[in-house]
Amino acid sequence: MTLAYEWGQLKRLPRTGRLRAGVERPESIAEHSLRAAMLAWTLAGLEGANQERAAPLALFHDSQESRTTDLDYVGRAYLHATSNVEITAEQTARLPRPLAAGLRGLVAEHEGRASLEADCARDADKLEMLLQARAYAEQGYTHMEPFVESALAALRTRSGRLAEAALRVSPAAWWESFTRGTAVADSPPNGDGR
């Protein structure tokens, strides 16, 4: 149960890059990871990958930050970070062997980009960052373009190109469709959108 309490820290720890960019109350690591897992499930479905594998890869991709906090690019330039694989090994040391092995395997697969599912999870991480940056920009926060640009540059999967559609659609489009009584359709990534 101690690891469950530790994971609770992720609900309180903010994404530090947003703080540096001037966002007063940025999303937490847990909030980021939740949507990243949902996006990984979606991207995996579009890519023909295993959705049930991709979602937990994204869900646990930042779980180590309960110990390190969210080290953004500025912080990483000045610190030697312990690898996520090493941190996960320490975090899971007291778990039953099958659970520890499962979680360690997820993190190693994600970090090693060892599968299409890992690529989907990594793209989901970047896509989530882009979506959140767009939402903050619409709220009036400036300095969000570096988040968008780095996300676009990191995408690997064809379905990750949903990011291009995200740049054309307002973050409030889903809400506006209800208030206007119209449906908003997501275009598939195959251009049909590919």
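I begin with T88, which is buried, at a relative accessible area of 1%; please bear in mind that this is a predicted model. T88 belongs to helix α7, which covers residues 84–91. What is T88 in contact with, once its neighbours within four places in sequence are left aside? The partners are Q64, L103, R104 and V107. R104 lies 16 residues from T88 along the chain, yet their C-alpha atoms are separated by 6.2 Å.

I turn now to the largest nonpolar core, which comprises 32 residues. Those with the most contacts inside this core are A40, A58, C120, L130, M144 and F147. Two or more residues each are contributed by α3 (29–47), α4 (51–59), α8 (97–112), α9 (116–138), α10 (145–154) and α11 (162–168). The largest share, nine residues, is that of α9. As for M144, its contacts beyond four places in sequence are R18, A21, V23, A133, Y136 and A137.

Finally, let us consider how α9 and α10 pack. Their axes are 9 Å apart, and the angle between the helices is about 155°. How are the two helices oriented to each other, roughly parallel or roughly antiparallel? Since angles over 145 degrees count as roughly antiparallel, α9 and α10 are therefore roughly antiparallel. Their crossing is left-handed. On the α9 side, D123, K126, M129, L130 and A133 take part, and they meet F147, V148, S150, A151, L152 and A154 of α10. By class, this contact has eight nonpolar residues, two charged and one polar.

Conventions:
Residues are numbered from 1 along each chain as its sequence is written. This is a predicted model: local features need pLDDT of at least 70, side-chain atom pairs count only at pLDDT 80 or more; totals for chains, interfaces and linings use all residues. Side-chain values use heavy atoms; hydrogens and water are left out. A nonpolar core is a set of buried Ala, Val, Leu, Ile, Met, Phe, Trp, Tyr and Cys residues joined through side-chain atoms within 4.5 Å. Buried means under 20% relative accessible area, exposed over 50%, partly exposed in between (1.4 Å probe, protein chains only). Helices (H or I, at least four residues) and strands (E, at least two) are DSSP runs, numbered from the N terminus. Contact means heavy atoms within 4.5 Å. Axes are lines fitted to C-alpha atoms, for helices over the stretch in contact, and angles run from 0 to 180 degrees between N-to-C directions. Angles under 35 degrees count as roughly parallel, over 145 as roughly antiparallel, 65 to 115 as roughly perpendicular and the rest as oblique. A crossing is left-handed if the near helix is turned anticlockwise from the far one by less than a right angle, and right-handed if clockwise. Ala, Val, Leu, Ile, Met, Phe, Trp, Tyr, Cys and Pro count as nonpolar, Asp, Glu, Lys and Arg as charged, and the others, Gly among them, as polar.
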